[in-house]
Amino acid sequence: MPWTPLEITELMGLTKIIIMIPKTNQISNGVEDLMQKVVSLCKRRGFIFPSSEIYGGFANAWDYGPLGTELKNNIKQLWWKKFVQSRDDMVGIDASLIMNPKVWEASGHLKKFADPLVECKNCHSRFKVDDLAIKTCPHCGKKEFTPPRQFNLMFKTFIGPAEAQSNITYFRPETAQAMFVNFKNVLDTARKTLPFGIAQIGKALRNEITPGNFIFRTREFEQMEIEYFVLEKDWEKYFEYWRKEMAAWIKNLGVDIKKVHEVEVSGKEKAHYSKRTIDFEYEFPFGQKELYGLAYRTDFDLKNHFKEPPYREEGVDALYPHVIEPSFGVDRSVLAVLLEAFKEEKERVVLKLPPKLAPYQAAVFPLLANKPELVKLARKIYDDLRKDLMVAWDDRGNIGKRYYSQDEIGTPACITVDFDSLKKDDVTIRDRDTMKQERVKIDSLAEIIREKLEK
Ligand code: ATP
């Protein structure tokens, strides 16, 4: 596949960031543009920065800035609330990234968690075979490659001061294994009966051969995973159940479900542990790619970790539960949410984020920064709202500029304190999407904002 570099040098100060975009017929300049605009906005407004930028950056590593951290945390909190806290059949854990290397031996990752890699014979660049649909090197254009060889994606490291073979261990390439190895601990303490799930949000590391496309594929990323334990006879029923739950979650993020395609993963493409996998693929500007995955892992993992069946329930013989695994990438969620939310309207750029995901839920402005009485009242409103909400303060420039600035970061409501506010205890509240302004009483503000967050 021919690739085109999307360069954003001027936006990144010292850093020259090049995102490789496959050049297919489906990709118009418009969508390449969208990606560039979103990356630029992320840098400009503090959502996502190139990692180690002052040292020239570090390829394919990104840091979440103040607003990106809020957005990402809102996604994670929403997920945790929906799939863990509000359900009786789910509990959460938070396990370590470096586990006993025996875990990876038993899980099959040491032998099988590999991608086929080829090397360009001319410039020695390395690629994942799947990324080279048309066998042309995206770097030098030559067409001669070495035969594919399996490249294990796990990051190796050493425990302790000696870099000896016996001290080798790995950073986890998925959060899932911690749920399996803790299965009995959780069962004994949380006393759940089938069907039930264990969830976790956390980092995973993979030494990806071809990372790229901004935060879509990085070597360090975050996952939100559920291992849902069921009786073997019920796996299809729960697979369907989770399929629907995942689609509903995607909709809830404000992502257009028409741009999401459920793709059955074929035999040889499936991970070594999976008997059935569906990928939820989203139409990213750089092509239709996996957003999330749903896998039926059978009893593969529990059988590898436990010599005896680990599940016991009164009146039932001990057994190995089967597992349905809905797996959600946090960073791919952030990217899809940003791409969907980004809109250009006449004279403004607006992030139409679902209000509950917006980094700031409201912004408060005194009409004039040099009028102490306005500043005092605005400050009081700001401090009161901040007790339960994320609220921005802005007293720079004129009101139009402040609206522009808040629209660009997706703040759903802007509140302006003016001279009438001093007499009538009311303020102007302006809606991000409709741009309509209303006068409302100061004491109803928290309620009005909360109503917006429900949407
Ligand atoms: P891909 O085919 O894109 O490599 P995968 O099938 O290997 O993905 P899974 O092992 O199913 O991915 O991981 C579950 C989820 O974790 C993915 O659906 C995705 O959202 C996220 N994810 C996986 N690898 C990465 C990565 N390198 N960077 C960012 N997110 C990732």
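Asp 420 is partly exposed, with a relative accessible area of 34%, and Lys 423 is exposed at 68% (buried means under 20% relative accessible area, exposed over 50%, partly exposed in between, with a 1.4 Å probe and protein chains only). The model is predicted, so local features need pLDDT of at least 70 and side-chain atom pairs count only at pLDDT 80 or more, while totals for chains, interfaces and linings use all residues. Residues are numbered from 1 along each chain as its sequence is written, and side-chain values use heavy atoms, leaving out hydrogens and water.

The side chains of Asp 420 and Lys 423 meet in a salt bridge at 3.8 Å, N to O (a side-chain nitrogen of Lys or Arg within 4 Å of a carboxyl oxygen of Asp or Glu). The two are separated by about one helical turn because they sit three residues apart in helix 12 (residues 419-424); helices (H or I, at least four residues) and strands (E, at least two) are DSSP runs, numbered from the N terminus. Salt bridges that share partners also join Glu 345, Arg 348, Lys 352, Asp 407 and Arg 430 into one network.

By this rule the count comes to 39 salt bridges. One of them pairs Asp 115 with Lys 128, with the closest N and O atoms 3.5 Å apart. This pair links distant parts of the chain, Asp 115 being in strand 6 (residues 114-119) and Lys 128 in strand 7 (residues 126-128), 13 residues apart. Both Asp 115 and Lys 128 are buried. Another pairs Glu 174 with Arg 297 at 3.2 Å between the closest N and O atoms. Glu 174 lies in the loop between strand 10 (168-170) and helix 5 (176-181) and Arg 297 in strand 15 (residues 287-298), so the pair ties together parts that are 123 residues apart in sequence.

Turning to the domains, the assignment (automatic or from a database) gives domain 1 (3-113 + 153-339) and domain 2 (351-453). Their centres, taken over C-alpha atoms, are separated by 36 Å. In contact (heavy atoms within 4.5 Å) are 15 residues of domain 1 and 12 residues of domain 2. Two salt bridges are found across this interface. Arg 45 forms a salt bridge with Glu 408, the closest N and O atoms being 2.9 Å apart. Helix 1 (29-45), helix 2 (66-85) and helix 9 each supply at least two residues of the side of domain 1 that touches domain 2, and helix 2 gives the most, with six residues.

Helix 9 spans residues 330-341. This helix is largely enclosed by the rest of the structure, because 12 of its 12 residues are buried.

Methods. The expected span of a helix is 1.5 Å times one less than its number of residues.
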